[in-house]
Structure formats: C-alpha cells, structure tokens
Amino acid sequence: MKILVLKNGALIQEIELHPGSTYVVGRKKDCDIVLDAIPGISRQHFHVEEDETGQWSVRVLSKVTPIQFDGSDVFDLALENDFIFHLLNYRFQFIGHEQASTDTIDSISSTADTLDSPLAQVDFN
C-alpha cells in the first residue's frame with residue numbers, strides 16, 4: 001500500500017504504508033509527509049492510519065480546512081484502491097495491494113495477448 005503525493009500536478013513524494021502504522025501529514029517538520037507552510041494547512045493536518053481490521057483511513061485533525069473527496073469536504077474518509085483526495089493544491093492518491101497486483105496482471109495479460117496476435121508472428125524482414 002502506498003500514497004502518492006502530488007503538488008500542482010507534479011509527483012513530489014511516494015510513501016509506502018506499513019501495516020499497523022499511522023502517518024501524520026502537515027506543515028510541521030517532523031510529520032511523515034511535510035507540506036508547505038501556507039494558510040489553510042495545519043501543523044498536523046491529518047492522519048493516515050490502518051485500523052485493526054486492515055482498513056486504511058484518513059482522519060482530519062484540522063478544525064479549519066477539511067480534505068476534499070469527490071467534490072465534497074470531508075473530515076473522515078475510509079480509503080479504497082485508487083481513491084484520490086485533495087487538500088488545497090495537493091493531491092493524494094491511495095494505491096492498495098490489490099491495485100498493484102491487478103495492474104501487473106493486466107500488463108502481463110496485455111503483453112501475452114500481443115505476442116499471440118497474428119501481427120506478432122509476422123516476419124517483416
């Protein structure tokens with residue numbers, strides 16, 4: 001599992017998430033994911049954590065600025081594969097193991113299909 005962090009559309013950080021861990025996101029220098037010190041971002045803005053059932057979630061600690069998910073302001077969000085949420089000019093994308101495994105299988109299947117196609121067997125020399 002991992003979270004991709006993008007700022008103004010550019011990837012700035014990729015964090016591997018370890019089972020049972022909690023990750024703090026904010027402008028404070030000792031946060032796991034450090035964001036710029038701009039108005040609207042708290043020192044410890046939100047946590048990303050896994051509960052005892054293995055469910056990853058985001059819990060906003062800031063009383064002022066929520067995160068945005070699917071066009072709505074939220075303070076708590078249960079994460080699923082490929083969920084994307086925003087905080088001001090930052091975008092966070094959650095990637096679960098199932099997503100990575102599926103992408104790998106799809107890629108391998110696509111390559112195998114291409115190799116089995118009639119064009120893959122034609123000698124162009």
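1. Is lysine 7 buried, partly exposed or exposed? Lysine 7 is partly exposed, because its relative accessibility is 24%, and partly exposed covers what lies between under 20% (buried) and over 50% (exposed). Please keep in mind that this is a predicted model.

2. Lysine 7 has a salt-bridge partner in aspartate 36, with N to O at 2.2 Å. This pair joins distant parts of the chain: lysine 7 belongs to strand S1, while aspartate 36 lies in the loop between S4 and strand S5 (46–50), 29 residues apart. Aspartate 36 is partly exposed too, at 32% relative accessibility.

3. In the whole structure, the search turns up three salt bridges. One of them brings together the side chains of glutamate 14 and lysine 2, at 3.0 Å from N to O. Here strand S2 (residues 10–16) supplies glutamate 14 and strand S1 (residues 2–7) supplies lysine 2, twelve residues apart. Glutamate 14 has a relative accessible area of 43%, and lysine 2 has a relative accessibility of 24%.

4. Glutamate 49 and arginine 59 also form a salt bridge, with their closest N and O atoms 3.4 Å apart. Glutamate 49 sits in strand S5 and arginine 59 in strand S6 (residues 56–60), ten residues apart. Arginine 59 is partly exposed at 34%.

5. Turning to the sheet, five strands form an open arrangement in the order S4-S3-S5-S6-S9, with mixed pairing. Strand S4 (33–34) and strand S9 (76–78) are the edges, each pairing on one side only. S4 pairs with strand S3 (residues 22–26) in the parallel sense over two bridges, and valine 25 stands opposite isoleucine 33 in S4.

How values were computed: Residues numbered from 1 in each chain as written. Predicted model: local features only at pLDDT ≥ 70, side-chain atom pairs only at ≥ 80, totals over all residues. Heavy atoms only, no water. Pairing = 2+ DSSP bridges. Helix = DSSP H or I, 4+ residues; strand = E, 2+ residues; numbered from the N terminus. Salt bridge = Lys/Arg side-chain N within 4 Å of Asp/Glu carboxyl O. Buried < 20%, exposed > 50% of the residue type's maximum accessible area, 1.4 Å probe, protein only.
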